[in-house]
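Colleague: I'd like to understand where the labels on a model come from. Could you walk me through a few of them?

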Amino acid sequence: MRKPITCVNIPAMVFRDQRLRKGDKTLFGTIYGLSHNDRNCCYASNKYLAEINNESESCVSHALARLRDCGYIYYTFDSTKANSDRRYIFVNMELLYEYEEDYHNNDTKESDNDNGLVL
């Protein structure tokens, strides 16, 4: 049985990226959430990702390509007989950590609302 996703976390770097569509950002958050496992990767098929994001498989395929082209994800395939070409989607954590480090070193942070939320 698959573990349900309880929340979608979209890092500010991805959230602010104007090269991405809203659905791409939501898909990233879904992949990020599904990646918290023993291999730190997402095993989900395009069909499953489409179902939980209320998108078509074609939209998911295009969104994955945009996320890959922007450097946020990468994937590999395991073509051993037992796994029958299973895809592993990895979040590029180095890129996110680099952004976060640069952000925290920036002294000109501004709050976006009264709650102190900084995006």
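Colleague: What makes lysine 25 count as lying over the face of phenylalanine 15?

Modeller: Happy to explain, and please keep in mind that this is a predicted model. Lysine 25 sits at 5.9 Å from the ring centre of phenylalanine 15. The rule asks for NZ of Lys within 6 Å of the ring centre and within 35 degrees of the ring normal, so the distance passes and the pair gets its label.

Colleague: And how do you know that arginine 39 lies over the face of tyrosine 88?

Modeller: Here the distance from the ring centre is 4.4 Å. For Arg the atom used is CZ, and the limit is again within 6 Å, so arginine 39 meets the distance part of the rule for tyrosine 88.

Colleague: Let's turn to ring pairs. Why is the pair of phenylalanine 28 and tyrosine 72 called edge-to-face?

Modeller: Two numbers decide. The centres are 6.1 Å apart, and pairing needs them within 6.5 Å. The planes make 70 degrees, and over 60 counts as edge-to-face, so both parts of the label hold.

Colleague: What does this pair tie together?

Modeller: Phenylalanine 28 lies in helix 2, while tyrosine 72 is in the loop between helix 4 and strand 1, so parts that are 44 residues apart in sequence are tied together.

Colleague: Why are tyrosine 75 and phenylalanine 77 called edge-to-face?

Modeller: Their centres lie 6.2 Å apart, with 80 degrees between the planes. Those values fall within 6.5 Å and over 60 degrees, so the pair qualifies.

Colleague: Is tyrosine 75 buried, partly exposed or exposed, and what about phenylalanine 77?

Modeller: Tyrosine 75 has 24% relative accessibility. Buried means under 20% and exposed means over 50%, so tyrosine 75 is partly exposed. Phenylalanine 77 has 55%, so that residue is exposed.

Colleague: Which residues have the most contacts inside the largest nonpolar core?

Modeller: They are Leu27, Phe28, Ile31, Leu49 and Tyr72, in a core of 24 residues. Helix 2 gives the largest share, 5 residues.

Colleague: Leu49 is in helix 3. Which residues of that helix are buried, and what do they pack against?

Modeller: Besides Leu49, the buried ones are Asn46, Tyr48, Ala50 and Asn53. The buried residues of helix 3 pack against helix 2, helix 4 and strand 2. Just after this helix, asparagine 54 takes a positive phi of about 55 degrees.

Technical notes. Residues numbered from 1 in each chain as written. Predicted model: local features only at pLDDT ≥ 70, side-chain atom pairs only at ≥ 80, totals over all residues. Heavy atoms only, no water. Core = buried A, V, L, I, M, F, W, Y, C linked by side-chain atoms within 4.5 Å. Buried < 20%, exposed > 50% of the residue type's maximum accessible area, 1.4 Å probe, protein only. Helix = DSSP H or I, 4+ residues; strand = E, 2+ residues; numbered from the N terminus. Phe/Tyr/Trp six-rings, centres within 6.5 Å; stacked < 30°, edge-to-face > 60°. Contact = heavy atoms within 4.5 Å.
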